[in-house]
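Please keep the sequence and the structure in view while reading.

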Amino acid sequence: MTKIAYIGTYVPQKCGIATYTHHLRQSIRAAKGWTGIDPVIAVTPAGWAEEHTDPALQTLEKEDRDAYRKLAERLNTSDVAVVSLQHEFGIFGGEAGSYILDFIERLEKPLVVTFHTVFENPQEPYRSIQRQIAEQSDLILVMNRQAGSYLERSFHISRDKIKYVPHGTPEPAPGKREAFREAHGWNGRKVLMTFGLLSRGKGLETIIRALPEVVKEIPDVLYAIVGQTHPEVRKHEGEAYREELQDLALELGVQNHVVMIDRYVEEDELVGYLSACDLYVTPYPGMQQITSGTLAYAVGLGRPVLSTPYAYAKDLLGSHPYLLLPPSEHQVWASRMISILSDDHVLSRWEDKMAKIGESMHWSKSGALHLRLFGQLVRDYPVLQAN
């Protein structure tokens with residue numbers, strides 16, 4: 001059985017990569033159907049001391065450069081068959097995460113890198129670091145088909161080396177939507193939702209500006225803004241943006257149609273919120289975002305969505321351009337939200353269409369796909385080395 005070592009942040013760390021790595025490891029283990037334990041190396045800040053119950057979890061101190069070299073040497077002499085590296089620039093030490101290169105240069109095992117960020121036009125220092133990682137990896141996984149084109153064009157990476165894998169998601173749980181709506185008093189309401197760390201770059205004012213028109217047609221509409229303010233934003237301006245959104249809602253007379261859940265939300269609760277909403281919205285003004293875990297989760301759970309056409313949304317929803325709206329144009333957003341939420345038959349049809357897209361994204365299928373790709377790499381590795 002192929003033994004896999006996972007490297008990235010990891011639960012109980014509160015980080016999207018940590019959650020992704022955890023679910024990927026779980027889903028591949030389920031696909032293997034075995035009771036063995038694959039090791040995971042969690043990149044942690046200095047002095048990290050959170051409790052965990054996983055006996056196979058090791059830690060890699062983010063800013064300890066020598067530890068990256070030692071980790072490669074340790075894995076080289078282990079029974080690990082392949083290494084799965086979850087890459088995001090900010091989770092590794094050094095400028096733009098450059099310390100991970102010390103690990104990669106010394107690793108003698110097959111290396112699979114999942115790029116969670118890929119730039120259309122990469123700039124330094126990110127460009128040279130990602131180029132080196134891409135060149136030295138044996139297999140590259142991306143969660144956006146366009147990302148493969150970016151890597152090929154920017155770094156001349158062969159497309160044979162790059163594979164597309166859907167972003168993994170939970171599966172809908174029977175009864176979860178109804179129970180969550182009942183518990184939160186959402187029965188009888190049409191609920192819009194946005195989730196994530198709050199910051200000005202999310203364009204949430206577009207939805208609030210659209211609400212007066214929506215309320216005229218759908219008096220029971222509720223916009224749930226779920227998530228705490230980004231820690232770096234809070235350091236510099238406190239809760240100024242949240243207060244501006246609240247003031248805008250008051251000014252427009254829709255304050256009773258906006259609810260803010262201002263705290264960190266664990267994944268099980270997030271799945272509950274997503275399952276309970278009627279329409280998930282991402283009105284982001286920036287078009288470069290290459291992945292979005294929450295948009296993926298919403299679609300995987302079969303929820304209708306509206307989004308600006310940023311890179312990930314365009315890739316995921318490209319077959320349904322009706323769901324992709326221009327940023328900041330709140331009149332367009334109001335019209336589209338009304339058209340979907342005011343007719344239960346229309347809403348149901350979009351639920352079915354999202355569920356069809358989401359089927360291939362569920363973690364059970366993602367785990368099986370990853371296991372096939374990893375197994376093929378291990379079988380082909382001697383040939384790759386010879387060439």
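## A histidine in the first helix

His-23 lies in helix α1, which covers residues 16–32; helices here are DSSP runs of H or I with at least four residues, strands are runs of E with at least two, and both are numbered from the N terminus. His-23 is buried, its relative accessible area being 15%, where buried means under 20%, exposed means over 50% and partly exposed means in between, with a 1.4 Å probe and protein chains only. Apart from neighbours within four places in sequence, His-23 is in contact with Glu-267, Tyr-297 and Trp-363, contact meaning heavy atoms within 4.5 Å.

## Basis of the model

The model is predicted, with local features requiring pLDDT of at least 70 and side-chain atom pairs counting only at pLDDT 80 or more, while totals for chains, interfaces and linings use all residues. Residues are numbered from 1 along each chain as its sequence is written, and side-chain values use heavy atoms, leaving out hydrogens and water.

Helix α2 has 12 residues (65–76), and at 1.5 Å a residue it should span 16 Å, which agrees with the 18 Å between its end C-alpha atoms; the expected span is 1.5 Å times one less than the number of residues. Its buried residues are Ala-67, Tyr-68, Leu-71, Ala-72, Leu-75 and Asn-76, and these pack against the strands β1 (4–8), β2 (40–44), β3 (57–61) and β4 (82–87), as well as against α3 (100–106).

## Helix α9, one side buried

In helix α9, the buried residues are Tyr-241, Arg-242, Leu-245, Leu-248 and Ala-249. They cover an arc of only 120° around the axis, so they lie on the same side of α9; the arc is that of the directions from the helix axis to the C-beta atoms.

The cover over these buried residues includes α7 (204–217), α8 (231–237) and β10 (258–261), whereas Leu-250 and Glu-251, on the other side of α9, are exposed. After α9 comes Gly-253, which has a positive phi, near 75°.

## How α7 packs on α13

Two packed helices are described by the angle between their axes and the distance between the axes. For α7 and helix α13 (residues 330–341), the angle is about 45° and the axes are 8 Å apart. That makes α7 oblique to α13.

On the α7 side, the residues that meet α13 include Ile-207, Ala-210 and Val-214, while those of α13 include Trp-333, Met-337 and Ile-338.

Technical notes. Axes are lines fitted to C-alpha atoms, for helices over the stretch in contact, and angles run from 0 to 180 degrees between N-to-C directions. Angles under 35 degrees count as roughly parallel, over 145 as roughly antiparallel, 65 to 115 as roughly perpendicular and the rest as oblique.
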